Amino acid sequence: MSPTILVVDDEPPIRKLLRMGLATQGYAILEAPNAATALEVLGRESPDLVILDLGLPDMPGHDLLRAIRASHPGLPIVVLSSRDDEAGKVEALDLGADDYVTKPFGMAELLARLRAALRHQLAAQGERPVFRVDGLSVDLVRRIVKVGDAEVKLTPREYDFLRVLVLHAGKVLTHAQLMHAVSVSSEPQYLRVYVRQLRQKLEADPERPRILLTETGVGYRLRAPDDEPNLKLRAATDAKPAVTETSP
């Protein structure tokens, strides 16, 4: 059975674009032009994922996100946000959104985000034994990390950091979420240290990472196996991380 997606957006052209684009990929679509309709739909239907625009006419998008997360704790939510709203992105992720896509967006990028969110939901009940992407393999059962055929030695804290990213592959994790997950100091420079160390050990070119990607001003994302369409764009953003990672 095809996954059902609830699209919550007050702009008819955006809803039409999403309806047409997602239908061609086999998704069933429900639509809501405002928060009240979205809550009504969620009361009678059981979508597999919600695409949520934060700029709704009848309720702040973050309030609707909070309400959905309270009543549907396991429902994946992908937020649509404005290009420059980094604070809004962080707040949405901290409230429980699984990911965000910046307007204007490409359909390939959106589809990658949806696949990652749905995949994470399916994997939530148990860890995948082996994660593989771009030559990296992480055996979560035996705690073995390899690049190609060579085993990579990580410190316990580096492994814990990588494991959290693997379990949320394809999903952006905020600085606060990562610091809480691995119980590190609240000082953001500690995250940059771990990211730099992991890139030195896992990336072919640590200055132009292909696996551990920076979401500028928000956090970090481990590339998912099928997250190829926008790799070049994000890798360009990630080039020379010592310069770009100037703020938490």
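This is a predicted model: local features need pLDDT of at least 70, side-chain atom pairs count only at pLDDT 80 or more; totals for chains, interfaces and linings use all residues.
**View 1. Asp53 and the residues around it in strand 3.** Asp53 lies in strand 3, and in UniProt this residue is listed, in an unreviewed entry, under "modified residue: 4-aspartylphosphate". With a relative accessibility of 6%, Asp53 counts as buried, because that value is under 20%. When residues up to four places away in sequence are not counted, Asp53 touches Val8, Asp9, Asp10, Leu80 and Lys103.

**View 2. Leu56 in the loop between strand 3 and helix 3.** The loop that holds Leu56 runs between strand 3 (49-53) and helix 3 (61-71), and Leu56 itself is buried, its relative accessible area being 11%. Once its neighbours within four places in sequence are left aside, Leu56 is in contact with Val8, Asp9, Asp10, Ala35 and Leu64. Glu11 stands 45 residues from Leu56 along the chain, while the C-alpha atoms of Leu56 and Glu11 are separated by 9.2 Å.

**View 3. Helix 6 and its buried residues.** Helix 6 is formed by residues 156-167, 12 residues in number, and from its first C-alpha to its last it reaches 16 Å, which is close to the 16 Å expected at 1.5 Å a residue. Buried residues of helix 6 are Glu158, Tyr159, Phe161, Leu162, Val164, Leu165 and Val166. As a general point, an α-helix has 3.6 residues a turn, so residues three or four places apart point the same way.

Terms used. Residues are numbered from 1 along each chain as its sequence is written. Side-chain values use heavy atoms; hydrogens and water are left out. Helices (H or I, at least four residues) and strands (E, at least two) are DSSP runs, numbered from the N terminus. Buried means under 20% relative accessible area, exposed over 50%, partly exposed in between (1.4 Å probe, protein chains only). Contact means heavy atoms within 4.5 Å. The expected span of a helix is 1.5 Å times one less than its number of residues. UniProt positions are given in the numbering used here, feature names are shortened, and annotations may be inferred rather than shown by experiment.
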